[in-house]
Amino acid sequence: MDVLAVALGALLAVAAVAFVARPFLAEPDAADDRLAGLTSAEQERLGLLERRDRALGALKELEFDHRTGKIADSDYEASVGPLRKEAAEAMKALEPLAPPAPAPVEKVDVRA
Amino acid sequence: MPGLGSAALVVAFGLVAYAAVAGGYAAFRGRRRLLESATNALFASFASVLLAAIVLLGALARHDFSFSYVASHTSRELPLGYTLASFWSGQEGSLLLWLLVLTGIGSAAVALNRRLIRTVIPWTVPILGAIASFFALLLVFVASPFETQIAPADGAGMNPSLQNPYMLAHPPLLYLGYVGLTIPFAFAMGALASGRADERWIIATRRWTLASWTFLGFAILLGAKWAYEEVGWGGWYAWDPVENAALMPWLVATAFLHSVMVQEKKNMLRVWNAVLVAGAFCLSLFGTFLTRSGVINSIHSFTQSSIGAWFLGFIAVVAAASTALIIYRLPLLRSRTRLESLVSREAAFLYNNLFLVAFALTVLWGVIYPLVSEAVRGVAVTVGAPYYDFFAIAFGLPLVLLMGIGPLVAWRRASLRAVGRSLLWPAGTALVVGILLLLAGAGSSPAGLVGYTFAAFVLAAIALEFVRGTRARHALGAGSWFVAFTSLVGRNRRRYGGYVVHAAIVLLLIGAVGIGGFGTTHEGKLTQGQSVQVGAYTLTYLGSEQRRAANSQELRARLAVSRGGEDLGTVLAGKNRYFAEQQTSNEVAIRSDWLRAEDLFVIADQFNPDGSVFVKVIVNPLVNLIWLAGLLFVAGSLITLWPDAREQRRLARRFAEEGALARV
Amino acid sequence: MARRRSPARLVIALSVAAALAIFLVYTALAGGTPSLRPSQVAGHDGRMSVAGKVVGQPSGTARGPEGLRFTIKDVEGTATLPVVYRGSVPDLFKTGRDVSVEGSLQNGVFVADKLVTKCPSKYTNKQS
């Protein structure tokens, strides 16, 4: 019984080490081992995308709140202008930063 | 096979330690293959821990008493369900469960988000690895479930009060909650470490946080129901440190769930959120520590179990490291957006947070104060229900009010006029309800009356929200009213699921106030045939009965119950005397009236030789609303958690735009 | 910009200070009944709570005329205190358990009307 346990344990350890070493075994000399981070341009783009989405989301909520009667017409008029402007600004700022070639939208497992 | 279990744990320890160290180096230096290797180590550690868990489960199922753990927590006559449940009934097993859940959901969270967050995952892996290393360290060096001994003929068995179906559900659900809070913590700290200023980690971990929070909340209520039925003193929450251990992280997690919404929409409160998520995680570790180390008995028993010292040390390290990281990244976290008005939804969320955190701190102080007092002054004190009740009311009532006001206030800036108009109908309803209740005699508990008025306000506000929303959708030409309603909820799951959860909390409040403020108690001796009137019920003592069960002698008093002349059957209350344990347990009779949501609670304290019985009878009005609230709570969370195809598509489009599909 | 300093910080700071003040004052004044050990009971008057371990054989019944009589001992020490309790007896009460009783000292005997057994971590095996 004990020998079996030791043998299985050893097998487990070997399998673990193999799995852990796999990336190195698969690419013994990788041309590019750098972790793809975000360049500052990409960071900026990301920030603008979020700004745009935040403004668009806020507009949608404003719309909804107005329709359900939570926001008075006057408040709506006052808020909708600046929000639209913010969204438009963000979208305008994004144009020159668009990625070079539009990547095909893969089926992504977007578990959010 | 204990050797295999130990080996599996050692391998797991090696793997998570590697994940922590190698992952940290890979993230710091930007090494792709090393990070992949560390991530693989995390995945592999789950397999290894799973193997160890299977070994333990197998030993339990086989009644292999050569395992010390099996011998000390089970016995041959213990039913299979409880035998398997003793996996988590003991110290070592529950630590193994923690590690299993941690490596499991940690691996899942990393695997599912690998392609989405290019720079957070490299830091999340070592953080998860480090946390797992602590538990693996304990399991390998301090509290191993695979200790062996000469197998005795039979095991020590399980404490009779644990042998009940709740034992099968409550601990695992609780641990799913506790451990689940690790995910938002690891991702948040990962985002900080990576220097990222964006919010994608919030979106990515939102469902994990929500699910953990739901499990934790439900587990707390399940535990309360267990205590209500099993310990049977007539109440449902005793503010016992063990209960508070789970409540504290839940309160802070609730605050986090709310304020993270503000961060997502307004890019504000980022430092506060980082502090909250670290606080929630530290409190969940603290909760595990409280229930595992025995420190609550007295500060003396603390030193008897070294586990306590290890936990405290680890909590200190986590708290210090989180604080250091937050301070280091303070410039990054400083938001550019300011709170524009004290009357806005952002402000409402802020107030909600303040009250929740204040309440959590109150509970924490109540738990710690006795220990602090004993350590510093040498005088132990006990902090009782009055302290907690005072603050539960002081902080709870404003929170309930905010639940009603918050949804009716707009973002950014709400004109008082608009708010006033929205509040008119719910406030009016509340006032009417309040007056009616006052006339019905609810003034006997002023706090209760106020609580009910607020509850009516919130429920009316929620109903108004649903009505207005459905009307608006219907006006857009959504078809029938029913279709308008379902499409409203379907398109705004977060909002309306949240309203359902709020309604559940209000229901809980109504039940808690009912049992706490408007109940009736009677204690007295009853001779055979004698009746007594308690509240609206009349009980008549019919006689006593005895029965011998497998491991106990059961003594019961049979009482006939009637209300307003209507016969409601009989109840049996009494005691069980367990032979092997030489212990007596109270078996209370609970007659639940679901229509009125109230319980008739009978405790047979003493059977006298002259045939009379001493009983304590309690009427708990509205208590069943508490359990109903638990179910509604889960339902509301499910609505919010439900995957939304449109939201997925929108996010997919956005991530495609960000070019985030490149491999790490 | 009209408001440079966000009101949020001020609100948070004031609230935190207020909350801290409230519950520190509360615990200092009203919160917490002193929990004494049997060895410390002697000089005290009035209502108090005593915590100790049940030793020997309890006698009598809690709802009977004589009440439940038992002795508690210092958890760390040898001082003992005789107790008479009237009320409901909680499940976990038995010799060897840590309990907390609330009441007052009368003629050298502690007359208690509240009895709480210190729930050891719920998940302990039979022996504890």
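**Exercise 1.** What is the mean pLDDT of chain B, and what share of its residues reach 70 or more?

*Solution.* Start by recalling that this is a predicted model. The mean pLDDT of chain B is 88, with 96% of its residues at 70 or more.

**Exercise 2.** Work out how helix 1 of chain A and helix 2 of chain B run relative to each other.

*Solution.* First, locate the helices: residues 2–26 of chain A and residues 32–61 of chain B. Their axes lie 7 Å apart and pack at an angle of about 155 degrees. Angles over 145 degrees count as roughly antiparallel, so helix 1 of chain A is roughly antiparallel to helix 2 of chain B. The crossing of these two helices is right-handed. Then look at who takes part: helix 1 of chain A contributes residues including Leu12(A), Phe19(A) and Arg22(A), while helix 2 of chain B brings, among them, Arg33(B), Asn40(B) and Leu51(B). Sorted by type, the residues of this contact are 10 nonpolar, 3 polar and 3 charged.

**Exercise 3.** Describe how domain 1 and domain 4 of chain B meet.

*Solution.* Begin with the bounds: domain 1 of chain B spans 1–161 and domain 4 spans 520–620. Their centres, taken over C-alpha atoms, are 45 Å apart. The contact uses 4 residues from domain 1 of chain B and 5 residues from domain 4 of chain B. Finally, the domain 1 side divides into 1 nonpolar, 2 polar and 1 charged.

How values were computed
Residues numbered from 1 in each chain as written. Chains lettered and ligands numbered in written order. Predicted model: local features only at pLDDT ≥ 70, side-chain atom pairs only at ≥ 80, totals over all residues. Axes fitted to C-alpha atoms, helices over the stretch in contact; angles between N-to-C directions. Helix = DSSP H or I, 4+ residues; strand = E, 2+ residues; numbered from the N terminus. Parallel < 35°, antiparallel > 145°, perpendicular 65-115°, else oblique. Left-handed = near helix turned anticlockwise from the far one by under 90°. Contact = placed C-beta atoms within 7 Å. Nonpolar A, V, L, I, M, F, W, Y, C, P; charged D, E, K, R; others polar. Domains from an automatic or database assignment. pLDDT = per-residue confidence, 0-100.
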